[in-house]
Amino acid sequence: MDWLSHISQINWLAVLLAFVSSMVIGFVWYMPAVLGRRWMQAIGKTEDDLKNIDGGAGIWVPMMLAAAVTSILLAILLSALGINTFWAAGVFALILAVVFRAGGHVIHNGFAGRPSAVTVIDSGHDIIAMTVAGAIIGAMQ
């Protein structure tokens with residue numbers, strides 16, 4: 001577990017900014033005027049449907065926790081690999097996002113029979129959010 005030794009070397013402000021950037025990108029990405037309307041159409045929901053979803057914190061807390069853990073683990077990985085520039089970390093995070101995040105959407109949405117628009121929109125969000133997070137962390141290491 002040598003990679004855990006890198007926790008002491010990460011810049012926690014960079015991790016916080018990476019987390020916040022993920023939240024902001026998600027907020028903008030899924031706005032109705034951006035891609036939210038198309039995404040809702042693809043999943044068969046309306047704005048009213050989404051406004052009336054039960055769950056409250058049960059929806060937001062796991063999503064925010066996943067984004068926080070992603071930023072922390074990305075910072076540890078970048079530190080462990082010695083990737084510490086804006087461009088190198090951004091490109092590395094881009095590759096990780098395409099392989100693991102978008103790849104996961106393709107697999108799961110494909111088997112679930114979801115429209116390809118859902119996969120493209122969700123994958124696009126994850127790729128951009130993770131690339132920006134990586135670039136932020138890399139620039140601040």
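Trainee: Which residues of H2 are buried?

Mentor: Good place to start, and keep in mind that this is a predicted model. Buried here means under 20% relative accessible area. In H2, the residues that count as buried are Gly36, Trp39, Met40 and Ala42.

Trainee: Within what arc do the buried residues of H2 fall, seen down its axis?

Mentor: Look along the axis of H2 and you will find that its buried residues line one face of the helix, because they fall within an arc of 160°.
The face turned away from that buried side carries the exposed residues Ala33, Arg37 and Gln41.

Trainee: How far apart are the end C-alpha atoms of H2?

Mentor: H2 covers residues 32–43, which makes 12 residues. At 1.5 Å a residue, a straight helix would reach 16 Å. H2 falls short of that, with its end C-alpha atoms only 14 Å apart.

Trainee: Which element has the lowest mean pLDDT?

Mentor: For the protein, the mean pLDDT is 93, and 99% of its residues reach 70 or more. Among the elements, H1 has the highest mean, 98. The lowest, at 83, belongs to H3.

Trainee: Is Ala68 buried, partly exposed or exposed?

Mentor: Ala68 sits in helix H4 (residues 57–81). Its relative accessible area is 23%, and buried would need under 20%. Ala68 is therefore partly exposed.

Terms used:
Residues are numbered from 1 along each chain as its sequence is written. This is a predicted model: local features need pLDDT of at least 70, side-chain atom pairs count only at pLDDT 80 or more; totals for chains, interfaces and linings use all residues. Side-chain values use heavy atoms; hydrogens and water are left out. Helices (H or I, at least four residues) and strands (E, at least two) are DSSP runs, numbered from the N terminus. The expected span of a helix is 1.5 Å times one less than its number of residues. Buried means under 20% relative accessible area, exposed over 50%, partly exposed in between (1.4 Å probe, protein chains only). The arc is that of the directions from the helix axis to the C-beta atoms. pLDDT is the predictor's confidence in each residue, from 0 to 100.
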